Amino acid sequence: MTPLRLLGGFLPVIAVVLIIGIGGDFGSRVYGLLAGVLFVLIAGTLRWFTTRYRIDSDRVELRSGLLFRSARSIPRDRIRTVDVTAGLVHRIFRLSVLKIGTGERSDGGESRELTLDAIAASEADRVRQRLLDPSGAGRDHETVAPAAEVLAALRWSWLRFAPLTVSSLVALGAVGGAFAQLVNDVGAEAVDVGKVGQRLTTAPLWLGVTVLTVVILLVALVGSVLVFIEAWWGFRLVREPGGTLRIRRGLLTTRSVSLEERRLRGVAVVESLLLRAGRGARTVAVATGLGGHQGHGRGNLLPPAPTTEAHRVSGVVLAEMPSPTSTLLHRHPRAALRRRLVRAAVPVLATAVALWFAPVPAWAMWLTLVLLLPVTVLLAVDAYRNLGHALTSHYLVTRHGAGIRATVALQRSGVIGWTVSQSLFQRRLDLVTVTATTAAGHGAYAIIDVSTSAGLAVARQAVPELLDPFLQHEVVVPGTH
Amino acid sequence: MNRPQIDPGTTEVLRLRPPRHRVSSRAIIWWTTQAALEVAAVVIPLGIAAIVWGTALPWLVPGTGVVAAIGLAYLLVMPRWRFRVHRWETTDHAVYTAQGWINQEWRVAPMSRIQTVDTERGPLQQLFGLATVTVTTASAAGALRLVGLDRAVADDLVAQLTETTQATRGDAT
C-alpha cells in the first residue's frame, strides 16, 4: 500500500516528465520514467518493511526509515483522540489510517499526531478500542465489544439543509476557483461552445445576469447536496462503554472520530444566517485536546439538522435534559443595541461622506446609503437580539453572533479563569464583556456587552469563591450616576 | 461577605475593586521610552521628508507638526494613564491583574489552574530594572501578563507562584 501511495504522490511529477521531458527522444524518456517508478516503488516498499508500531501498557511507538530513521512515541495517558479514516483506495484494500492525537499544539499551531497509515481495517478498530478504553488495556482481543448506545443517526430529510451551509458553498467556490486557475494555467482560449458566449453578449444584460445566476445557483445546489451526501452518509453518533463518543460517517472516504467524554467541557449549537432561515443548526463539541483551532471539524457532533434536533443531541451528549443550550436566556441592556447600531452606521456614513467629496457621481453616495445602511442596521439588530446569557445548575450558557449565531453551554467546573474587559465606549454605557477562559475549544467564551453588575454577578455565581475577594458592592443613588 | 444596608430608592451594584499592588513607578519611564521610540520612528522620517520636499508639497510641514503633536500627547498621557490602571495582586487562591489605558482589562486565574510562570526582560526593561511575569493556564486565551514589575518583586512573585502551584496537583484543565 505504501509504495502505491507514494507512487500516487509522484503521479503529477511523472506526468510532467512524460509531457515536457528532460530532453532526448521519447524512448529515453520512457526508460527514465520506468527507472523513476521503480525507485519510488522500492523506496515505498522499504518504508513499509521498516515501519513498525508497538502499543504497550503505557506508550505507543512508531519507528520507520532505513537511511533516515525516525522513532516517535506517545505516552498513552496523553492520547486525546483516535481517528480512523479510509479513502477510496484504502477501502479497496481493506485498509485504514489511524491517527492518534495528543491535542498538544506545537509552535506551528498544528496538533502533534502519530499516524499509522495503511493498517488493516479490522486491526485499526481493535487498536482504537484498546487505546480508548484504559480498562481494556490487558483485555483479550477477541472480547466482543459491548453494545453502544446510539445518540443520533442521519435522517435523509436533513438533506434540505445542505444548500444552506456555508462550508459547502466555500468548497464549491474552491473547486470553481481551482478550475478557473487550471483554465488560466493551461492557457486555454475558452472555447465558445455552441456560441453561448456570443449569444450572451448580444442578449440584454439582465438576461445574461439572470441566466448566469440561475446556473451558478443550480451548480451550488447540486454541489452542496453531493458534498453533504459524501460527508454525512451513514452518520451515527454513539456513546460507547468506557465513556467515549464516536462519530462515524462518510460515503467514499469513511471517517470515525472518537472523543473521550471526560474531555468534554460543553457543547455549542451553531446557526448560520442561512441555516437559521431554514430552522437548522449544527452541534459542535467543546472539548480539550481536539487540537488546532476547530480541531479540523473533529468537534462536529451532527450534520446540519433541525434546530430541535441540534438541541436534543446537545442535551443527550451532556446527559442533561432539557439541554442547557435551549435554556431561556437573559437579554442584554438596550445600550448594547445602541453600540451595535453605532458600529453599523458609522462606517457606512463615513463612506457616504467620502463618496460625496470624491469625484464620482452623486448617485454613488445615495446607492451606498440606500443599499448598505439597511443591511448593516438589520445585522446590528440581529446581533443584539442574539446576545444572551444564563446560568444553569452545571452550565454557563452564552449566545452571540451577527449572522452566525453560536449558543455555547460551558461546564461551570470547566471555567479556569475570567477576563473582564471594558472599552472606553463600554465604560460610558456601564457595559462589560465577561469572558470565561477554559482549556477546551476556542479557549475563551464571552458574554458580550452585559451590564457591569449583572456580568460580574454571573461570573461570581458560575464559579463560587473565585471572584468574590475582588468584588465590592457599591450603592448607587439614582441621579448621581 | 457583609453587605451594606440598602436604603430604599438606591440600587446596589457589583464592581471589581482594583488589585492591591501598583507596578513599579519606573514603568512610567519605560512606557515613555517605548512610546518615544515609536513616535520617533514615524515623526523623524516625516520631518526629513518635510525638509526635503517642503517647498514642493506645502502640506507636509503642518502635517508633520500635527503628527508630532499627537505623538507628544500620546507619550505624555499614555504612560501615566497606564500606571494608574496597571495593578496586580495574588491571594492564596488566585492571581488578579488589571491592565490597559483607554481599553481596560481585568483577569483572574485560580492558583489551581496555573500551568507555567515565565519571566521576560527585554533590553529596555533590563535598563530600568523591570521584569514582565506571564502566568499561563491551560486556556489558549487566559494568560495573565504582569508588565513593568520591579525586578526583585518579580523574582519573589515567581518563587511564590511556583511554590503554590506545585502544592496543588492535577492537570489543570
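**Briefing on the structure**

In chain A, strand S2 (residues 59-64) runs antiparallel to strand S3(A), and six bridges join the two. The model is a predicted one.

**The three-stranded sheet of chain A**

- Strands S1, S2 and S3 of chain A form an open sheet in the order S1-S2-S3, with antiparallel pairing.
- At its edges lie strand S1 (52-55) and strand S3 (70-75) of chain A, each of which pairs on one side only.
- From one strand to the next, the twist averages 10 degrees.
- Within the pairing of S2(A) with S3(A), Glu61(A) is placed opposite Ser73(A) of S3(A).

**The six-stranded sheet of chain A**

- Another open sheet of chain A contains six strands in the order S13-S12-S11-S16-S15-S14, and its pairing is antiparallel.
- Strand S13 (305-306) and strand S14 (388-391) of chain A are the edge strands of this sheet, each pairing on one side only.
- Strand S11 (residues 264-271) and strand S16 (residues 405-411) of chain A are paired in the antiparallel sense through six bridges.
- Val269(A) has Thr407(A), in S16(A), as its bridge partner.

**The contact between chains A and B**

- Chain A contributes 32 residues to the contact, and chain B contributes 33 residues.
- On the side of chain B that touches chain A, strand S1 (11-16), strand S4 (94-100) and strand S5 (104-110) of chain B each provide at least two residues.
- S5(B) supplies the largest share of that side, namely seven residues.
- By residue type, the side of chain B that touches chain A comprises 16 nonpolar, 10 polar and seven charged residues.
- Strand pairing also links the two chains: strand S17 (residues 415-422) of chain A runs antiparallel to S5(B), and five bridges join them.
- Gln422(A) stands opposite Gln104(B), a residue of S5(B).

**The nonpolar cores**

- In soluble globular proteins, nonpolar side chains tend to be buried together.
- The largest nonpolar core of this model has 89 residues.
- The residues with the most contacts inside this core are Ala285(A), Val286(A), Leu301(A), Leu410(A), Val434(A), Val108(B) and Leu149(B).
- Strand S12 (residues 280-287) of chain A gives the most to the core, with five residues.
- Which residues are in contact with Val434(A), leaving aside its neighbours within four places in sequence? They are Trp418(A), Val420(A), Ala446(A), Ile447(A), Val450(A), Gly455(A), Val458(A) and Ala459(A).
- A second, separate core has 10 residues, including Ile79(A), Val82(A), Leu98(A) and Val127(A).

**The two domains of chain B**

- The domain assignment divides chain B into domain 1 (21-83) and domain 2 (87-167).
- The centres of domain 1 and domain 2 of chain B, taken over C-alpha atoms, are separated by 29 Å.
- Domain 1 of chain B brings 13 residues to the contact between them, and domain 2 of chain B brings 13 residues.
- Strand S2 (21-22), helix H1 (26-53) and helix H2 (60-85) of chain B each supply at least two residues of the side of domain 1 that touches domain 2.
- H1(B) gives the most to that side of domain 1, with six residues.
- This side of domain 1 of chain B divides into six nonpolar, four polar and three charged residues.

**Backbone details in chain A**

- The peptide bond from Met321(A) to Pro322(A) is cis, and its omega is near -5 degrees.
- Pro322(A) is located in the loop between helix H9 (307-318) and helix H10 (334-357) of chain A.
- Ala319(A) is also placed in the loop between H9 and H10 of chain A.
- Although Ala319(A) is not a glycine, its phi is positive, at about 55 degrees.
- Ala319(A) counts as exposed because 10 C-beta neighbours lie inside 10 Å.
- Arg279(A), a residue other than glycine, likewise has a positive phi, near 55 degrees.
- The loop that holds Arg279(A) lies between helix H8 (273-277) and S12 of chain A.
- Is Arg279(A) buried or exposed? Arg279(A) is exposed, because 12 other C-beta atoms lie within 10 Å and the cut-off for an exposed residue is 12 or fewer.

Technical notes
Residues numbered from 1 in each chain as written. Chains lettered and ligands numbered in written order. Predicted model: local features only at pLDDT ≥ 70, side-chain atom pairs only at ≥ 80, totals over all residues. Pairing = 2+ DSSP bridges. Helix = DSSP H or I, 4+ residues; strand = E, 2+ residues; numbered from the N terminus. Axes fitted to C-alpha atoms, helices over the stretch in contact; angles between N-to-C directions. Contact = placed C-beta atoms within 7 Å. Nonpolar A, V, L, I, M, F, W, Y, C, P; charged D, E, K, R; others polar. Core = buried A, V, L, I, M, F, W, Y, C linked by C-beta atoms within 7 Å. Buried ≥ 20, exposed ≤ 12 C-beta atoms within 10 Å, placed from the backbone. Domains from an automatic or database assignment.
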